[in-house]
Every structure is written in C-alpha cells, then in structure tokens.
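Let's work through some charged side-chain pairs together. Have the sequence and the model at hand, and try each task before reading its solution.

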Amino acid sequence: MVLRRQTRQRGADHTETLNTKISLANLLRDQGESAEARRLYEMVVEGQTRQLGSDHTVTLNAKIDVANKQLDQGDFAVSRRLYEMVVEVITRQLCAEETD
C-alpha cells in the first residue's frame with residue numbers, strides 16, 4: 001500500500017504522507033466509511049500540528065475538516081469545540097496583527 005510505504009520511507013508527518021492520508025480519508029468518506037475517514041483526518045491534524053504548529057493555517061484548515069466530519073456524523077459537541085478553537089486562534093492572530 002502506498003501509505004505504508006510513504007510512512008516507512010518518509011515518515012508519518014511528511015507532507016506527502018499527510019496528503020496521501022487526506023486523499024484516502026476523502027475516499028473512505030465518499031464510500032461511507034466515516035469512522036475510518038475521521039481517524040485519518042485526526043491523524044493528519046496531529047501530523048500537521050507536529051510539523052507546522054497548532055496555529056498554522058494548514059493545521060487550522062485540517063481542524064475545520066475534522067469538525068465538518070464530526071458535524072456530518074452528528075457529533076455536535078465535538079464539532080462545536082473544534083470550531084471554537086479555530087475561531088479563538090484566528091481571532092488571536094488577527095488581534096496580534098492589529099497591534100503590530
């Protein structure tokens with residue numbers, strides 16, 4: 001499998017490995033395998049957080065993707081918590097830009 005080979009050769013947090021996980025998660029989601037797709041999306045958020053930091057735009061977008069998947073599955077509390085975390089970070093970043 002491509003994902004296993006990429007993980008072994010490049011590492012779990014390499015950009016190409018994370019992109020493959022996103023593609024696989026999208027495919028699984030489209031095939032109705034929501035739980036496995038969600039697990040992969042969460043792995044992507046964890047990897048991007050380690051690679052780029054929790055406040056990076058790419059990481060925040062991945063968190064929004066996870067929140068959307070949670071919402072699709074009816075997990076409103078988790079979805080809301082993730083959305084609120086993202087809004088908090090973006091608000092903090094915008095306020096910091098205004099003071100610069």
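The structure holds 7 salt bridges, a salt bridge being a side-chain nitrogen of Lys or Arg within 4 Å of a carboxyl oxygen of Asp or Glu. This is a predicted model, in which local features need pLDDT of at least 70 and side-chain atom pairs count only at pLDDT 80 or more, while totals for chains, interfaces and linings use all residues. Residues are numbered from 1 along each chain as its sequence is written, and side-chain values use heavy atoms, with hydrogens and water left out.

**Exercise 1.** Find the N to O distance between R10 and E16, which form a salt bridge.

*Solution.* Start with the distance: it is 2.1 Å. Next, check accessibility (buried is under 20% relative accessible area, exposed over 50%, partly exposed in between, with a 1.4 Å probe and protein chains only). R10, at 42%, is partly exposed, and E16, at 38%, is partly exposed.

**Exercise 2.** Work out how R38 and E42 are placed in helix α3.

*Solution.* First, the two form a salt bridge with their closest N and O atoms 3.5 Å apart. Then look at helix α3 (residues 34–52): R38 and E42 lie 4 residues apart there, so about one helical turn separates them. Helices here are DSSP runs (H or I, at least four residues) numbered from the N terminus.

**Exercise 3.** Decide which parts of the chain R92 and D55 link.

*Solution.* Begin with the contact: R92 and D55 form a salt bridge, closest N and O atoms 2.8 Å apart. The pair links distant parts of the chain, 37 residues apart, with R92 in helix α5 (residues 76–99) and D55 in the loop between α3 and α4 (57–72). Finally, R92 is partly exposed at 41% relative accessibility.

Notes
Helix = DSSP H or I, 4+ residues; strand = E, 2+ residues; numbered from the N terminus.
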